[in-house]
Amino acid sequence: MQSLNLIRMTNITLHGADALKAAFRRHASGITIITGSDNGNPFGFTASSATSLGSTPPLVSLNIAQGSSSYPLMTKGRLLGLHVLGSENLDLAQRLAGPKDQRFANGYSEGEEQVPVFESASAVLFIRIREVIDVEKNAVVICDVESGMEFNEQSPITYFQRGYHQIGDRLADNF
């Protein structure tokens with residue numbers, strides 16, 4: 001039974017961007033970091049938009065703003081590392097969302113095609129960009145999953161209400 005102090009009812013009608021922002025503040029999403037290499041120079045960013053697009057064939061999608069410093073590097077055929085983050089990776093989530101010159105300061109290993117790999121993550125998928133679809137000032141990046149590695153089993157980290165959270169109690173199984 002929900003505690004009454006957790007329920008807040010409002011009847012405010014919002015429109016456009018205000019409606020989108022208000023609704024998605026209430027939508028918890030998993031946190032990933034995306035890494036790649038541009039002629040040996042590492043790049044990367046934190047993403048809460050990465051999701052499985054399908055398993056036959058194995059595809060993922062992610063969203064990126066065209067104003068992002070990594071957007072020009074989202075080119076067809078480029079290999080990326082999609083790192084699934086856990087509660088022990090708050091530092092990675094914050095670092096790859098922070099200043100560009102600090103994102104790779106604390107070390108990483110290199111995978112195929114010099115893709116930076118952070119082995120403290122829960123897992124990493126190596127994904128190759130299939131298509132970039134520009135939409136207004138944003139883009140949807142569709143990628144083929146080539147391979148992956150599991151590292152550390154840990155509770156997922158999520159982004160909710162403008163902050164990072166650890167998953168709580170399991171409510172029910174879905175099978």
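**Strand pairing and aromatic pairs in a predicted model**

In the hairpin of E9 and E10, two residues lie between the strands, and glutamate 136 takes a positive phi near 55 degrees. This is a predicted model, in which local features need pLDDT of at least 70, side-chain atom pairs count only at pLDDT 80 or more, and totals for chains, interfaces and linings use all residues. Residues are numbered from 1 along each chain as its sequence is written, and side-chain values use heavy atoms, with hydrogens and water left out.

**Strands**

- Strands (E, at least two residues) and helices (H or I, at least four) are DSSP runs numbered from the N terminus, and two strands pair if DSSP finds at least two bridges between them.
- E9 and strand E10 (residues 138-150) run antiparallel and are joined by 12 bridges; valine 124 stands opposite methionine 149 in E10.
- Strand E6 (residues 79-84) is joined to strand E9 (residues 123-135) by six bridges, also antiparallel, with leucine 82 opposite leucine 125 in E9.

**Aromatic pairs**

- The structure holds four aromatic pairs (ring centres of Phe, Tyr and Trp, its six-membered ring, within 6.5 Å; planes under 30 degrees apart are stacked, over 60 edge-to-face, the rest tilted).
- The ring centres of phenylalanine 104 and phenylalanine 118 are 5.9 Å apart and the planes are at 25 degrees, so this pair is stacked.
- Phenylalanine 104 counts as buried at 13% relative accessibility, as does phenylalanine 118 at 5% (buried: under 20% relative accessible area; exposed: over 50%; partly exposed: in between; 1.4 Å probe, protein chains only).
- Tyrosine 159 and tyrosine 164 form an edge-to-face pair, 5.4 Å centre to centre with 70 degrees between the planes.
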